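Good morning, colleagues. Please look at the sequence and the structure on the screen while I go through a few features.

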Amino acid sequence: MQWGSVEEFFAMGGYGLYVWASFGIAALCMGGEVLAVWRRSAAAGSRDES
Amino acid sequence: MSATGINWFKYSSPQAFHPLAGRMIPWFAAAAAGLIVVGLYVGFFVAPTDATQGDAYRIIFVHVPAAWMSMFLYVIMAIWAGIGLGLNARPSFMMAQAIAPTGAMFTFLALFTGSMWGKPTWGAWWVWDARLTSELILLFQYIGIILLRSSIDDLRRADRASAVLALVGVINVPIIYFSVKWWNTLHQGASVSITAAPTMAGTMVTAMLVMMVGFWMYSIAVTLARVRCVIIERERQPSWGKSASLPDVAEAR
């Protein structure tokens, strides 16, 4: 591991904003999609699943 | 289906596919979560800093898998659309319908993360480069297919129209893929950042591939979950005959 400290890790060699924005938006999009499908599934109702 | 005596096609009926998809989702979801966690760990804690791009290169671990998924999913959506048109198979159209939003999401992610990577390395959020422009067109194609479907009330016509649009648009996928070879683009070739530092290639490639497989598993899980919604939503349509569908389920089981 090349990170000396937590601050160093989050700084990403000065590219922290770009790196964390990329991964943050990716997490938001994918998490949001899962949530959306979940809610759509709940709205559709279970068929006859038991 | 059992009336025909061909069990092989049992799961081609939406009523039978619905519970099967439900059983498959947890496995794909677990695989996705595990692979993404491992991929992020290798990408952030094992893979070293790139010699030329510094730590900005770590965006590759989400950018490349997202970009690949945007193209893969389009091709798979077009294949389902083609099967649907060729065999007039309703479940195929449902699969195509279920894939489109995930494909659009990954296309957006590829563009967004690319922009985040472009600013520090190229000095620009966006350039009208062949690779970027063709990927942007892919996003519009996904949106167009989704909007065309939602704008037609008759399900059969919506299925066929969006399938035709998906099939015609598949021409853009090889254009995206080969754009970095066909044109003199600012976007780097497939493996420049990897070959630039050969000693680092191993763990970087591993992280990228693990993330890619993780995104695949994610896509399968989400698509199966969505196709289950589509099956139920369509069942509620008057033309389907709700009363007739429930005995079919019992029979299929």
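Of the 50 residues in chain A, 18% are buried, where buried requires 20 or more other C-beta atoms, placed from the backbone, within 10 Å of a residue's own. The model is a predicted one, in which local features need pLDDT of at least 70 and side-chain atom pairs count only at pLDDT 80 or more, while totals for chains, interfaces and linings use all residues. Residues are numbered from 1 along each chain as its sequence is written, and chains are lettered from A and ligands numbered from 1 in the order in which they are written.

Chain A has two helices and zero strands; these are DSSP runs numbered from the N terminus, helices being H or I of at least four residues and strands E of at least two.

Next, the interface. In chain A, 24 residues are in contact with 33 residues of chain B, contact being C-beta atoms, placed from the backbone, within 7 Å. The chain A side comprises 14 nonpolar, five polar and five charged residues. Here Ala, Val, Leu, Ile, Met, Phe, Trp, Tyr, Cys and Pro count as nonpolar, Asp, Glu, Lys and Arg as charged, and the others, Gly among them, as polar.

Turning to chain B, Ser70(B) lies in helix H2, residues 60–87. Why does Ser70(B) count as buried? Because Ser70(B) has 25 C-beta neighbours inside 10 Å. Beyond its neighbours within four places in sequence, its contacts are Gly103(B), Phe106(B), Thr107(B), Ala110(B) and Leu138(B).

How values were computed. Buried ≥ 20, exposed ≤ 12 C-beta atoms within 10 Å, placed from the backbone. Contact = placed C-beta atoms within 7 Å.
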